[in-house]
Amino acid sequence: SVVGPVAVGGGRLTEVLEQGEVAETGHDNPDYHRGSGACARKLLCLAQGGAPSCPGGHRERNDALKGAKDRATPGAMRVHPLVATAAILALAGCEPPATGVPLDRPVYPTGLAVHPRGDRLAVVSSSFDSAYEDGALLLADLDLVRDELAQNDAEDRRDAIVEGAYVKAALLPPFGDRPVFTSLGERLLVATRGNNLVSSVDVDPDAGFSCGAVEDGTPRCGKSPQALQLPENDPFDVLVLTEVRDDDGLLTRVDGVVTLLSSSTVYLFRDDRERAGAAQMQISGTVELGDAVTSVRGTALRTRNGQTHVVAAVESFSTTGAGALLVLFLPSADATLSTFDVTTAMGALSLRDVLVVPGVGAEPDTVIAVTRGPDAIVRFEVDDLPAGPALRLAGVAESCAMPTSLALATLGSVTRVLVTCQASGTIEALDPRTLMTTDAVRFAGRAPYDVAVNPVVAEAYVSFF
């Protein structure tokens, strides 16, 4: 399990580093897991020839088997990692999960977030294979990494690994995904499917994390009062809606939204440090996306004319079959939904990530989504009508295999959409207007998952297994 950046400059992805060796497990996507850590562990046993049953039906087992695909053939473009720490994952039986998740390297890194200062990278170590009881939240010192590489005078630095890149850590429930920083980076929110929580983490780039609890000298996140317990399973995406600061500029309250991989309910929540005890983090409302919706796979925020809408990529199932929808709504309990049927428009049966590309001047905003079945990149333009914003299909292009995550990179007048593709082991840069691929790099034989762009330095960071 490694995290490795690639440089982004002038609209191109540039080779920077090469990852260390990683043992493959046959699982191609952590969002296949729907059940508990124990169930996830059984799936690994099943992959080794066992036949345990999973609570809650057979969907998890089928998805795990379906995910056991061949990796991309090594030998194409090679990529050099900037922060790279390898974890050899032994699958020699179904022993109980171990204690003591590593705090100096990621184990199945999933979500990434760059601190607004641009000098720290938060990495969610998901413990996706259930080898450990806990996950972890790691903080990489990007300045340290750059300094180490600058002092490396080797002619070929493709195999360079920076030791000690992860300088701070906290314990986290397992099966976490993409974290999100507040605007100034003093707080971070992350959802974990382990225990169905949203954790609120205080962040000091130098001192590290604080979660309100400590275990053997390490911050322990996911504990009340700095955690929100959700009544349903599989929280996945978290968005920060608004921030409230006092007269001294200190952050006192965050309002956010969390969506789930196995529910049509969107939860609005409040993280209010002026309230005591369990009242600090509370659900403040819900938005129902409809009985046919089975999963929310990705979300983004679109702000225009003083209003902020949530754009949700959802999956549905009805008597006519499975389908993919994009839904726009104001984050309020009485929200009116604006729905676009992606399946009817272009045939895709499933969606993954979604992002918003703001329009320049009078240009309309653009929504970019990745689909499965077929694997494609889809472009929509947002029409601001009297009844509210509505989506209009503006373009479709074939993507690399199994597109998973999106990020927006803007350098001067050049804007590119970065997409990770797991089965092809590829990171592509796309023109958001034409959807044409302007450049790509391949992680030979690896499975890129998340991608995050540095807001200060021309770099992007990729987690992969």
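1. Residue classes and basis. In what follows, Ala, Val, Leu, Ile, Met, Phe, Trp, Tyr, Cys and Pro count as nonpolar, Asp, Glu, Lys and Arg as charged, and the others, Gly among them, as polar. This is a predicted model, in which local features need pLDDT of at least 70 and side-chain atom pairs count only at pLDDT 80 or more, while totals for chains, interfaces and linings use all residues. Residues are numbered from 1 along each chain as its sequence is written, and side-chain values use heavy atoms, with hydrogens and water left out.

2. Overall make-up. The protein chain contains four helices and 31 strands; helices (H or I, at least four residues) and strands (E, at least two) are DSSP runs, numbered from the N terminus. Of its 465 residues, 57% count as buried, where buried means under 20% relative accessible area, exposed over 50%, and partly exposed in between (1.4 Å probe, protein chains only). Contact is taken as heavy atoms within 4.5 Å. Among contacts between residues at least 6 apart in sequence, 56% join residues at least 24 apart.

3. Cavities. A search of the whole structure gives three cavities of 30 Å³ or more. On a 1 Å grid over the protein atoms alone, a cavity is a set of points where a 1.4 Å probe fits but cannot get out, and a pocket is an open set with protein on both sides within 12 Å along at least five of seven lines; lining residues have an atom within 4 Å of a point. Grid points are joined across faces, edges and corners, and a volume is the space filled by probe spheres set on the points. The largest cavity holds about 120 Å³. Its lining has 13 residues, with Phe236, Arg297, Asp353, Thr404 and Ser405 nearest the centre. By class these are two nonpolar, three polar and eight charged residues for the whole lining. At least two lining residues come from each of strands E14 (235–245), E18 (293–304), E22 (350–357), E26 (403–411) and E30 (448–453).

4. Largest pocket. The volume here is about 1,100 Å³. Among the 32 lining residues, Arg178, Pro179, Val180, Leu239 and Leu408 are closest to the centre. Two or more residues each are given by E3, strand E7 (180–181), E14, E18, E22, E26 and E30, and E14 gives the most, with five. The lining of this pocket has 23 nonpolar, five polar and four charged residues.

5. Second largest pocket. About 340 Å³ is the volume of this one. It is lined by 19 residues, of which Val357, Pro358, Val360, Glu363 and Arg433 lie nearest its centre. Strand E24 (376–385), E26 and strand E27 (414–421) give two or more residues each; the largest share, three residues, comes from E27. By class, the lining has seven nonpolar, six polar and six charged residues.

6. Nonpolar cores. A nonpolar core is a set of buried Ala, Val, Leu, Ile, Met, Phe, Trp, Tyr and Cys residues joined through side-chain atoms within 4.5 Å. The largest has 23 residues, and Leu112, Leu121, Val123, Leu138 and Tyr461 have the most contacts inside it. Strands E3 (109–114), E4 (120–125), E5 (135–141) and E6 (166–172), together with E30, each supply at least two of its residues. A second, separate core of 20 residues includes Val311, Val367, Ala369 and Val382.

7. Two loop residues. Leu261 sits in the loop between strand E15 (251–260) and strand E16 (265–272), and counts as buried because its relative accessibility is 1%. Its C-alpha is 5.3 Å from that of Val296, 35 residues apart in sequence. Ala401, in the loop between strand E25 (388–398) and E26, is partly exposed at 30% relative accessible area. Leaving aside neighbours within four places in sequence, Ala401 is in contact with Asp375, Cys421, Gln422, Ala423 and Ser424.

8. Backbone points to check. Most residues other than glycine have a negative phi, and most peptide bonds are trans. The bond from Ser224 to Pro225 is cis, with omega near 10°, and a cis bond with omega of about 10° also joins Gly373 and Pro374. Asp216 has a positive phi, near 55°, and is exposed, with a relative accessible area of 78%. Asn305 likewise has phi near 55°; this residue lies in the loop between E18 and strand E19 (307–318) and is exposed at 71%.
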